Amino acid sequence: MDLSHFSRAVLAGAALLVAAVPASAEPGRLLAFQCAQCHGTNGAGPGFEEIAGKDLFNDLIDMKYRPIEGIMDRQARGYTDEQLRLIADYLSTLPGNGDN
């Protein structure tokens with residue numbers, strides 16, 4: 001696949017992703033899509049710690065700046081502090097199931 005095909009594929013994928021989110025979506029919702037891979041689309045997915053309904057900003061900042069201990073430290077490094085704030089704010093609005 002040459003660069004032009006790759007670029008078109010990336011742009012098409014990004015357009016589909018943006019189209020799937022309502023224009024009035026919470027600012028952190030799009031950023032939090034990455035979290036859904038492990039924590040579920042509602043932040044209370046099985047198998048990993050529940051992140052819905054919690055204020056995780058300080059935890060995310062700690063993960064970003066501490067020595068790498070695991071996958072979450074690597075994930076947090078991919079975002080600015082402001083993006084982590086948006087993600088934490090969005091996740092805190094989701095109803096948790098109280099299991100974790």
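By class, the lining of the largest pocket in this predicted model comprises 14 nonpolar, four polar and two charged residues, where Ala, Val, Leu, Ile, Met, Phe, Trp, Tyr, Cys and Pro count as nonpolar, Asp, Glu, Lys and Arg as charged, and the others, Gly among them, as polar. A pocket is here an open set of points on a 1 Å grid over the protein atoms alone, where a 1.4 Å probe fits, with protein on both sides within 12 Å along at least five of seven lines, and lining residues have an atom within 4 Å of a point. The volume of the largest pocket is about 480 Å³, a volume being the space filled by probe spheres set on the grid points, which are joined across faces, edges and corners. Of the 20 residues that line the largest pocket, C35, H39, I51, L60 and M72 lie nearest its centre. At least two lining residues come from each of α2 (36-39), α3 (57-65), α4 (71-76) and α5 (81-92), and α4 gives the most, with four residues.

Residues are numbered from 1 along each chain as its sequence is written. As the model is predicted, local features need pLDDT of at least 70 and side-chain atom pairs count only at pLDDT 80 or more, while totals for chains, interfaces and linings use all residues; side-chain values use heavy atoms, with hydrogens and water left out.

The protein chain has five helices and zero strands, these being DSSP runs numbered from the N terminus (helices H or I, at least four residues; strands E, at least two). Of its 100 residues, 26% count as buried, that is, under 20% relative accessible area with a 1.4 Å probe and protein chains only.

In α3, the buried residues are F57, L60, I61, M63 and K64. They lie on the same side of α3 because they cover an arc of only 160° around the axis, the arc being that of the directions from the helix axis to the C-beta atoms. These buried residues of α3 pack against α4 and α5. Leaving aside neighbours within four places in sequence, L60 is in contact (heavy atoms within 4.5 Å) with M72, A76, L84, I87 and A88.

Definitions and conventions
Buried < 20%, exposed > 50% of the residue type's maximum accessible area, 1.4 Å probe, protein only.
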